[in-house]
Amino acid sequence: MKVVSSARSLLLLVAALVLAVLALPTAAAPRAEAATSVSAVAEALRESPVYVDPEASGQLSQADAHALQQQIEHAGKPLFIAVLPAGYPTADLFTDLRTATGVTGAYAVRLGDRFDARADSSVLSRTAVRNLVTSVRAESDARTQLADFTDRALVNMGGSAPASWGSSDHGGGVSQTALITAGVVLAAGGAGAYTLVRRNRRRRAAEQRAALDRLRVVVDEDITAFGEELDRLDFHPAEPGADGAMRADYERSLDAYEQAKSAMASAARPEDVRGVTEALEDGRFSLALLAARREGRPLPERRPPCFFDPRHGPSVGDATWTPPGGATREVPVCAADATRLADGRDPVIREVDSDYGRRPYWEAGPAYGPWAGGYFGGGILPGLLVGTMLGSMMATPSYAYDYGAGYGDFDGGDVSGADFDPGDFGGFGDGGGGDFGGGGGGDFGGGF
């Protein structure tokens, strides 16, 4: 009887264990049974940044999807990627997906062999989204296209990932034995690791000092040029016709000049230069306002400076430009460079010192990222620099560690539910409401 009782108890124990195992979370398993409705896609994206529809599983392998998921979660940015079959309905897809997910962020969709994206402006500007999409649209392989888009978007965008991504157990538990073993290994290698860290810190500090010294030359040129603009303006607050608005513009220009000099004097790292060029950009816009008021012209809109040389002042429009060996893009230009390009001539490009002699600043090395970021922050710079040496360098994690992101800071990535402006979220050209028919780089090639 005891044997029978023991056997029965053992069977009950085994059954309980089997039931417990079957009850474990299976978040990491593929959702082959998920319906291809927007609600189902949104539900999956609230749990993980990458969703691959069962009918589109041939486009992106589970391993590649998992790699993208880990990269996005590690970056902590609200980037959502959906891989859908070619026949998926496209009408108002981005708006409906954003509404159903309810999270402020950037949303990218690979639909068959086509690709597009939308983003809340607090996370990524329209210009940045358009340029990023354009930079990868020609790539036919889903894995390469999504990996390149993810690499570039994560560097450019702001905001924070939803907390729900970290609510599930992706990796399982860690045994006590493994923790003890890891502790022993860490203790044994502690002395060597400390020495290596100190050596790396000294090397990094030396590289940053050298980069800052090179930047000082360029920034001093910028500050001097701005001071000369103030002198040429020859404005006196008490001159006939001067009003309060003019005096306020002039005061802001002087404040920006002093702020730039003070910030450069106290700069200790390359990324500190961004504050200097931000002040100079603000000061030049104030000068443009003052000049318009004095001449009785309409006030200019706030635009980024001329891409070819920020010393040219605020841009007056965008022009199509193709760098040698690069892809065609739209860049903000001053009136003089716009005329040169229209006449088929070369623009006047800002060249700086580099390891290879005088080069355009976008081909002169990573140190110039913070300098350019102060002028072209807010998500504009990455699209302008796609395919250049500086753009490629700024897209790497090591660049952010050594020189700062250089693109400007953002707020966002919060849970807003359906409370967002669809036109702001999706609008490219005349597309407005976030569907696939916007044009201007925002559609899937037309026809939706």
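The model is predicted, so local features need pLDDT of at least 70 and side-chain atom pairs count only at pLDDT 80 or more, while totals for chains, interfaces and linings use all residues. Residues are numbered from 1 along each chain as its sequence is written, and side-chain values use heavy atoms, with hydrogens and water left out.

Switch to a cartoon. The protein chain has 15 helices and 8 strands; helices (H or I, at least four residues) and strands (E, at least two) are DSSP runs, numbered from the N terminus. Of its 448 residues, 42% count as buried, that is, under 20% relative accessible area, with over 50% termed exposed and values in between partly exposed (1.4 Å probe, protein chains only).

Select helix α6, residues 142-156. Its 15 residues reach 21 Å from the first C-alpha to the last, close to the 21 Å expected at 1.5 Å a residue; the expected span is 1.5 Å times one less than the number of residues. Among the buried residues of α6 are A142, L146, F149 and A153.

Next, select the aromatic side chains. The whole structure contains 16 aromatic pairs, in which rings of Phe, Tyr and Trp (its six-membered ring) have centres within 6.5 Å; planes under 30 degrees apart count as stacked, over 60 as edge-to-face and the rest as tilted. F80 and W165 form an edge-to-face pair, 5.3 Å centre to centre with 65° between the planes. Because F80 lies in strand β2 (residues 79-84) and W165 in the loop between α6 and α7 (176-233), this pair ties together parts 85 residues apart in sequence. Both F80 and W165 are buried. One aromatic cluster comprises F307, F308, W321, Y361, W362, W371, Y375 and F376.

Move to M264 in helix α8, residues 244-266. M264 is buried, with a relative accessible area of 4%. Leaving aside neighbours within four places in sequence, M264 is in contact (heavy atoms within 4.5 Å) with L212, R216, V219, D220, I223, V273 and V276.

Finish at strands β7 (residues 351-354) and β8 (residues 357-360), which pair in the antiparallel sense over 4 bridges; pairing requires that DSSP finds at least two bridges between two strands. These strands form a hairpin with 2 residues between them, and S354 has G357 in β8 as its bridge partner.
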